[in-house]
Every structure is written in C-alpha cells, then in structure tokens.
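Here is a short walk through one model. Keep the viewer open and follow along.

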Amino acid sequence: MNFKVCSLFSGSSGNSTYIGTEKTHILVDAGLPGKSIISALRHIGIDSRELKGILITHEHSDHIKGAGVLSRMLNIPIYANEETWNAMQDKIGRVAPYNRRIFYNNMDFYIDDVNIQPYKIPHDAADPVGFSLYYQNRKVSIITDLGHTNNKLIKTVMDSDLVILEANHDTDMLMAGPYPMHLKKRIQGRKGHLSNKDSGLALLEMIKGRVTHVLLAHLSRENNYPQLAYQTVTDILVSNGVQPGKDIQVDMTYRDRASNLYHIG
Ligand SMILES: [Zn+2]
Ligand SMILES: [Zn+2]
C-alpha cells in the first residue's frame, strides 16, 4: 500500500499536484484548465472520475483556474479555508453547496483514508496554507508560494518522507530581469516567493528530520530555469556535506508536464 505523489504541473503559470492511495485520489490546487488536468491524470493512470476532492492552498489564479470547472464536471468537493473561499468564490464560478467544504488552519481532517493538516504559510494572499498529508505512517508536505520559512514551518515538514518545496527564482535573474521594481520587491518580500538559495537553505534544515525526497517546485518562467534551480540547491547541500542522490533525492517539477510518479511506502 503506497502513497502516490505526482506534480502534474508546477510553476507560476499553473499548479496542480496529485496525491493518492489505493482508493483515495486527491488534487492539491487546480491552477490550469480542467481538461489539461484531466489529461495529465490520465497520463499517470488516474481516472479523474475517481477524484475525491481538491484542496486549495490560496486564491491566486495559478492555483484555482480549473477548480470550479472540475468540481462541476466531476461533482467533487473543493476544500479551502474561509478566507480563501471568500477571495476565490467569484473567480471559480458556481460550486454546489454540498461541494463547498471549509477547513480550519491547524485542524486536521480526513478525506477517506488520508489525513490532511493545513497550516498557515507567509504569502500575499487572503489566508494561504501549506498541507501535510498522512497515510499509514507516511507523510507528504507541500509548501510553495511562501516568502520565507521559519522554525515552526521547518519543524512541521521535517518529518515528511517527501516535500514539495518552492524554488521560485534566482535572485540575480530576478533583479536583472524585466519585472517592474514593485513586482521584484513583492517577489523577494517576506510574503513573496522563495528563491533557489532560500530553498536550499530551508532544505538543509529539513533534512535533519526524515525527508528523503524533495521536489523543487513553482519555478518562475522569467527568473529561473530547472538546471539553475537544481544546481543552486544541490550546491548548497554539497557544500554542507549533504550528498544529493544518497542522503536525499532532489528532483524537479515542470510547468508543462508531470514529474515522476513517486510511490512512498
Ligand atoms: Zn503560485
Ligand atoms: Zn501565490
């Protein structure tokens, strides 16, 4: 019995992650057109009609674009906290009342056999969260879209088997790039996004726990590219005596295609 994890799409242009067990199939975010997500699921052997629900981290469009469509098409619930519901409901179209589920930060809940723990992360949205999902002693955590990490957050995720962690931008590329200054400041701010370096340093802390896999996620199209994110993060690990591939598996996610499908068990 495995916990299965696959990043279907990841990046500032749209995010959706599949997490499932034998009988429970869940999406975290649905920030692309519904049909793109359905075909990505099919590609990894998951029938979208078996989805049990969509968890929403926050209301930015790269996380919710397809959520309403999927809920209506497949008749499945959307789970978000109250502030996020308030901020997103006008953007996702009508959701049937019985498919409108509210969770509370720091209060865990179940979708069938999967336990889900939402917790606040620092980002410029109404009430953004990260999630840890538990199944049979295994734990998977998703923290993307956050301006910085802190001890509490590191502690929350460091006993995960697999972490999906943001590596949004390279700071030099961002500063030299085409974005207006206010946007550069926003991205670098305490409620913006983690840089590759931030991500590497956060990972150094996390692997003091039991993290064996990390997927670098939510890369900026303009201010990053996969090889650079991977290199920056693994350089930080190596220069601190951690061997990628041996002490920890570091993999990428992609804006336009699915990552590997991981079986955690
Ligand atoms: Zn995002
Ligand atoms: Zn965001």
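Which residues does N99 touch, not counting those up to four places away in sequence? N99 touches S71, N75, I76, P77, I78 and W85, where contact means heavy atoms within 4.5 Å. This is a predicted model: local features need pLDDT of at least 70, side-chain atom pairs count only at pLDDT 80 or more, and totals for chains, interfaces and linings use all residues. Residues are numbered from 1 along each chain as its sequence is written, chains are lettered from A and ligands numbered from 1 in the order in which they are written, and side-chain values use heavy atoms, with hydrogens and water left out.

N99 sits in the loop between α4 (82-88) and β6 (100-102). Helices (H or I, at least four residues) and strands (E, at least two) are DSSP runs, numbered from the N terminus. N99 counts as buried because its relative accessible area is 4%; buried means under 20%, exposed over 50%, partly exposed in between (1.4 Å probe, protein chains only).

Beyond β6, the loop to β7 (109-111) holds Y104. Y104 has a relative accessible area of 46%, so it is partly exposed.

H58 is buried because its relative accessibility is 1%.
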